[in-house]
Every structure is written in C-alpha cells, then in structure tokens.
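Okay, thanks for coming, everyone. I'd like to walk you through one model today, so let me put it up on the screen.

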Amino acid sequence: MTAGARGENVTVNGERLWQSLMEMAKIGPGVAGGNNRQTLTQADAEGRALFRQWCEEAGCTMGLDSLGTMFAQRPGLDPDALPVCIGSHLDTQPTGGKYDGVLGVLGGLEVIRTLNELDLRTKHPITVVNWTNEEGTRFAPAMLASGVFAGMHEQAWAEDRVDAGGTRFGDALDAIGWRGEEPVGARKMHAMFELHIEQGPILEAEGKEIGVVTHGQGLWWLQCTVTGKDAHTGSTPMAMRVDAGLGMARMTEAAHRIAMAHQPHAVGAVGHAEVFPNSRNVIPGRAVFTVDFRTPDLEKLTSMRTAFEAEAQRIAEEAGLGLEIEEVGHFDPVTFDPGCVAAVRRAAERLGHAHMDIVSGAGHDACWINRVAPTAMVMCPCVDGLSHNEAEEITPGWAKAGTDVLLHAVLETAEVVA
C-alpha cells in the first residue's frame, strides 16, 4: 500500500472550511460580530437545518436521537465495524464566538468532503456529531445531551431542566422540531475525536499550532442561594441589616481565596450572580450565584468544594443569613484514551505542525464520551485566549492545521483501505 493510498499526503480544503464557518456564523448573529445561537432556539434550528443540508449533499445519512443530537454518517466498507465519530456542538453562548464548538462540527464535515473528493474509503464508518446543549447557558448543566448519552444523567431529568423563563428543555426541543426517535446512547462508537479552539492563551503564547489534549479538568458548579431581608438602604441602620448581597460578596472572595490556596493547576470564580429585588435603594434580601471550581487533580477538586461549603456556611451564620448550596454541574478530571491521544500526536508530527501536550481547561462533550468510547481532543490556538466572547478569533491557518490533524487521526483510526 502506498503512502498516498493511506492518505498520508491528504489535507483539507482550508478555504472551503473557512467559508463554511462564515456561512454558519450568519445564523444567530450577535450584536458585536459573534453569535447568539443558544440551544433549542429558532436560530439553533436554522443552524441544524443548514448542517443537515450540507451533510446530505456530502452523501451522509442523518440520524437524530430523542434529545436532538445529530449523527451524519459516511459509510465504511465493513458493515459490522463501529463508527469513528467526530463530535462537537453548534450551540453558542448568548455573546459567543463563531468558532467555539462550531469548528469541531464543520471540521468534521470538511473531513467527509475531503474523503469524498479523493475517493478515500475507510473500514469503519465516519460519523460527524452535533451534540445538543453543550454550552449549558440556557439549560444547565453544560454537555447535557452527551451526559445522558454517557449514562451520567437520566433523560427525564435532562428534559425537566428549565431556562430562566421557566421553559422545559423537553418542551423547547419539541417546539423547534428536532426530536428524533433514536434512543439516546444506543449508537455505539469505535472512537471519538473532538476538534476545538483552546479557549485559553497557552498555545498562542508558546507558538504552537496544535494542542494534543491528554487530560480534561474536573469541575464543580455550585449554585448558592443566600437569604436575608429586603430593607430600605437609607433608613436601615448598618448594624441591623441582613444583607444577602454582602454575604454573596464575602463568599465570592472566599471562592477566589480557596482556589489560590490550591495552586498550581486550580481555578475558581463566581461567574453568574443575581441579587433581588435588584433595586438601587433596597438592601438585597436574596442573592443567587454560581461558583465554578476546576482542576485536573481530583483530590484538589474535592478539597476546594469542601472548603468553600464550610467557609460559606460560616459567613452565612455570622451574618444571620440563610444558605442553600445546590450541585448544578460536575464531572471528575478526565484522562483521554492513550491510543487516540497517540494518533493525534502522530498526525501532528507527520504533518510537521508545532505541537504540545495540553490539559483542557474547559468542559467538552468529549469529557463525557470518554467514559463510553476511546476519545481524544485536538486543539488549535485562539487569539489572546479569548472565548465565550463575540471577539473570539482564530486564523484560517489555525483552523486548517487543526482540521488536517483531525483528518489524519481519524484516517488512522478508521483504517484507510487501498
């Protein structure tokens, strides 16, 4: 078998990939150049329809499970072989960028288009996956559909998640018409690869084109509800206040201090916060906020949560406040499959791309799927490490390099047939 028959000289069409990214970005445009294509909205439905059209034009058959996850499959030569999957997501943050998740889906489509053009066949089918509700911004937690797929959540529980307006996940899915009949998790995988922008500054700072992702950070999201007493700001003496906003502020500082005490390789912050009644001259009677702790070290992850809960309770008791802490997101640190990771590394080396091992600081669908199938991730840089922001940016060269590595890792795993 020649090198060309194995696909070793194959690269994707970078211009076509970039054009696809720009076309998808027209759906659900943001106000500052990015995207607002939140899950299970009409914009999400339009993005899904465009993706389905492109996949069918590429000769794929489209599967759809009962949580709306899409599976576009190119057949393999062995009818009994399990598929090699390429998966990420098309949904975005409310003020999201054009590449977070989308690069992984459309990069997978570009792999299929390239194989079609060159008439390269593989033993295993290749399936491009669009996972539903990876972001978790409208319906918490993140990676919801892939979590059900991997057996981490019950489907009924997932469908009962509600957004800020009280809409159920299941009802929103039905409303946009993207619920399929395939049972969630019924589709088995030979392996899965996810291409993603780094969402951090390391690769760009190190001058690397490719991140070979070996591990993913574990995560705890803790939603805290602090209860005090609404009172007039001007007429309530300082010593007689039961200020939920003050309690939240002290707990926010505690989250930062606890993360700093667990260095290196640990982070923590309060990202989402609300006070009620949110009036300029009323002392808040209730505050709701979410603490996000992450680290690739399970012992540290557990320790940060334990320390925060103890400190938050102490703060609440000293201030006479009520406190409830609810778990709204969690996964343990992930070690990606060594064989799949090695395939990514070999692909980067064959293609001559500067690369380095890296730990994913963010959660991804691959973190759940790694529990049920061999999985690995490929990362490319993003400008200044900025993500979850409309100013998120990558270069066409970075997009192509990451997709080329994805292509070669997939070809090795799916087994090119001469």
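This is a predicted model: local features need pLDDT of at least 70, side-chain atom pairs count only at pLDDT 80 or more; totals for chains, interfaces and linings use all residues.

Residues are numbered from 1 along each chain as its sequence is written, and side-chain values use heavy atoms, with hydrogens and water left out.

Back to the strands. Helices (H or I, at least four residues) and strands (E, at least two) are DSSP runs, numbered from the N terminus. Two strands pair if DSSP finds at least two bridges between them. S3 pairs in the parallel sense with S6, residues 191-197, over 3 bridges. S3 also pairs with strand S5, residues 126-130, again in the parallel sense, over 5 bridges. On that side, Ser88 sits opposite Asn130 of S5.

So is S3 buried or exposed? By buried I mean under 20% relative accessible area, by exposed over 50%, and partly exposed is in between, using a 1.4 Å probe and protein chains only. For S3, 5 of the 5 residues are buried, so the strand is largely enclosed by the rest of the structure. In a regular strand, side chains alternate between the two faces of the sheet. Here Val84, Ile86 and Ser88 point one way, Cys85 and Gly87 point the other way, and all are buried.

Now follow the chain out of S3. Asp100 is in the loop between strand S3 (84-88) and helix H3 (102-118). The unreviewed UniProt entry has a "binding site" annotation covering Asp100, Glu135 and His388. They span 289 residues in sequence, yet no two of their C-alpha atoms are more than 9.7 Å apart, so they gather at one spot. A caution on the record: its positions are in the numbering used here, feature names are shortened, and annotations may be inferred rather than shown by experiment.

What does Asp100 touch, leaving aside its neighbours within four places in sequence? Contact here means heavy atoms within 4.5 Å. Asp100 is in contact with His89, Asp91, Glu135, His196, Ile197, Gln199, Ser387, His388 and Glu392. Asp100 counts as buried, at 5% relative accessibility.

I'll also talk about polar contacts: a pair of N or O atoms within 3.5 Å where, within protein, one must be able to donate a hydrogen and the other to accept it, and residues adjacent in sequence count only if both atoms are side-chain atoms. The Asp100 side chain has one of 3.4 Å with the side chain of His89. Another polar contact, of 3.2 Å, joins the side chains of Asp100 and His388.

His388 itself is in the loop between strand S16 (375-380) and helix H12 (396-414). With a relative accessible area of 40%, His388 is partly exposed. Not counting residues up to four places away in sequence, His388 touches Gln93, Thr95, Asp100, Glu135 and Gln199.

Next, Arg48, which is in helix H2, residues 42-57. Arg48 is buried, at 1% relative accessibility. What lies 2.5 Å from a polar atom of its side chain? That's the backbone oxygen of Gly68.

On to the greasy part. A nonpolar core is a set of buried Ala, Val, Leu, Ile, Met, Phe, Trp, Tyr and Cys residues joined through side-chain atoms within 4.5 Å. The largest one has 98 residues, and Met24, Phe51, Leu103, Leu106, Phe193 and Ile394 touch the most other members. H12 gives this core its largest share, 10 residues. Apart from it lies another core, of 24 residues, including Phe293 and Ile315.

Last, the domains, with bounds that come from an automatic or database domain assignment. The chain is divided into domain 1 (14-216 + 333-417) and domain 2 (218-331). Their centres, taken over C-alpha atoms, are separated by 33 Å.

I'll stop on Val328, in strand S13, residues 322-331. Val328 is buried at 18% relative accessibility, and touches Pro141, Trp221, Leu222, Gln223 and Thr290, not counting residues up to four places away in sequence.
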